[in-house]
Amino acid sequence: QVQLVESGGGLVQPGGSLRLSCAASGSIFRINAMGWYRQAPGKQRELVAAITRGGNTNYTDSVKGRFTISRDNAKKTVSLQMNSLKPEDTAVYYCNADLRLSAWSGNGAYWGQGTQVTVSS
């Protein structure tokens, strides 16, 4: 059974930093793109940042220059370094991975359980 387990959320003051990590485990043949999404109360889930297996990245405009996504293919992990945090970054952050369970299976999207990030003074 595939699991994505996140860690690193918490409470931070405006201007502070947090680092989120996500580790994939289980019987996985290949992980393609990985990413971080977030969902604030009353809002739809949105893509924050994504990274391909080859390391190409993209970010939503509101976090460009402040957040950095990275991954370790050997360890099956993805991280999100968040700097200069703002109150509007407050949300539940979810790890996402597009992966294949075997050489003969199709790709599927998997999600972590979410980790709360609160930016408040």
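Okay, let's start with a pairing: strand 1 (residues 3-7) and strand 3 run antiparallel and are joined by 5 bridges. Strands here are DSSP E runs of at least two residues, helices are H or I runs of at least four, and both are numbered from the N terminus. Two strands count as paired if DSSP finds at least two bridges between them.

Quick housekeeping before I go on. This is a predicted model, where local features need pLDDT of at least 70 and side-chain atom pairs count only at pLDDT 80 or more, while totals for chains, interfaces and linings use all residues. Residues are numbered from 1 along each chain as its sequence is written, and side-chain values use heavy atoms, with hydrogens and water left out.

Back to strand 3. L4 has A24 in strand 3 as its bridge partner.

Which residues of strand 3 make up its covered face? Those are L18, L20, C22 and A24, whereas R19, S21, A23 and S25 form the uncovered one. In a regular strand the side chains alternate between the two faces of the sheet.

Now the residue I wanted to show you: R71, in strand 7 (residues 67-72). R71 is buried and has no salt bridge. Buried means under 20% relative accessible area, with exposed over 50% and partly exposed in between, using a 1.4 Å probe on protein chains only. A salt bridge needs a side-chain nitrogen of Lys or Arg within 4 Å of a carboxyl oxygen of Asp or Glu. The nearest side chain of opposite charge is D72, at 8.0 Å; Lys and Arg count as positive, Asp and Glu as negative, and His and the chain ends are not counted.

Zooming out, the protein chain has 11 strands and 0 helices. Its radius of gyration is 14 Å, close to the 14 Å that the globule rule gives for 121 residues, so the chain is as compact as a globular protein of that length. That radius is over C-alpha atoms, and the rule is 2.2 Å times the number of residues to the power 0.38. Of the 121 residues, 38% count as buried.
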